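Good morning, and thank you for coming. Please look at the sequence and the structure while I speak.

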Amino acid sequence: MAEGIILGSTLALGAIGLTLTYNILRFANFAHGEFLTFGAYFALVFASLFAGSAALPPFTFGWSFLLSIVVAGALTSGLALLLDWLLFRLLRKSNVAVTLVIASFGASLMLRNVVVFIWGSQPEYYSRNIAIAREILPGVRLTADEIFVVVLTALLMAALHFFLTRTRLGKAMRAVSDNPALASVTGINVHGVIRWTWVVGGSLAAVAGGLFGLTVQISPEMGFNLILPMFAAAILGGVGSIYGAVLGGLIIGLAESMSVPIIGAAYKPAVGFLLMFLILLVYPKGILGERS
């Protein structure tokens, strides 16, 4: 169960970015998985620099890792803004969502190959030290890294809730999500909101990639392997619902983890999609999706 919560936390952070993009930009961004990959590799580079060594640092989490995550979030946000400026901004003028989706496929392939070109195709690790799990609850054993992942994810989700409900920019993002034309008439800078959507989504993706690499490993294919479960989480929780994305991520993570002893690890990814199909039969718009 602990492994499922950790995986679910990563999926939830990534699914929130997907949901924000879909709500405000009105298309499914398949390049979002590569933002996780770039965020993880950016964190790897700066974690090594902040630790004072060019080699893989002999540490788990700590101030060096936290600083590297912050820098990785900023750089990944810049990458998302650059991709929007070079590609999606021009295609939005056509008002054809399918064009944006297909373009995101192409952008995903391009970014994945850029990662291979820069960092190579072999998996990397933040630390090669053996982590020792300790029992924190009866029957629940976690390493320090895994506890850090759960705590940081919870803090980020609480901060996001405060941002969307209490800040002027967060309320503007919700208004654009509901009705872009009406939001523009009321004086909201829609283009500015779009830019901040990429910043928030890219930053959360970078954190998700870094946390996934902290407990597993990082590789050029990690974003590609996680994008479909993230979509499943967003759809399961209810497309357009931030809190549904969080709930969907946790459900998918727990379902995949608990299925391993029964069907084996090879079929684990299929469990999340099967669960999504079954729940959508009862709740066609997702668990927390809007009811008509």
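Where is arginine 26 found? Arginine 26 is found in the loop between α1 and α2; helices here are DSSP runs (H or I, at least four residues), as strands are (E, at least two), numbered from the N terminus. Before I continue, a word on the source: this is a predicted model, in which local features need pLDDT of at least 70 and side-chain atom pairs count only at pLDDT 80 or more, while totals for chains, interfaces and linings use all residues. Residues are numbered from 1 along each chain as its sequence is written, and side-chain values use heavy atoms, with hydrogens and water left out.

Arginine 26 has a phi near 65°, a positive value in a residue other than glycine. At 36% relative accessibility, arginine 26 counts as partly exposed. On this scale, buried means under 20% relative accessible area, exposed means over 50%, and partly exposed lies in between (1.4 Å probe, protein chains only).

The loop between α1 (2–25) and α2 (32–50) also holds alanine 31. Is alanine 31 buried or exposed? With a relative accessible area of 0%, alanine 31 is buried. Leaving aside residues up to four places away in sequence, alanine 31 touches Leu83, Ser104, Ala107 and Ser108, where contact means heavy atoms within 4.5 Å. Alanine 31 and phenylalanine 105 are 74 residues apart in sequence, yet 6.3 Å apart in space, C-alpha to C-alpha.

I turn now to charged pairs. Side chains of opposite charge can pair when their charged atoms come close. How many salt bridges does the structure hold? It holds 2 salt bridges, each defined as a side-chain nitrogen of Lys or Arg within 4 Å of a carboxyl oxygen of Asp or Glu. One joins the side chains of glutamate 34 and arginine 112 (3.6 Å, N to O). Glutamate 34 lies in helix α2 and arginine 112 in helix α4 (residues 97–119), so this pair ties together parts that are 78 residues apart in sequence. Glutamate 34 counts as buried, at 1% relative accessibility, and arginine 112 also counts as buried, at 16%. In another salt bridge, the side chains of aspartate 84 and arginine 92 meet (2.6 Å, N to O), and both of these residues are buried.

Finally, consider valine 282, which lies in helix α11 (residues 268–282). Valine 282 is exposed, with a relative accessible area of 58%.

Thank you for your attention.
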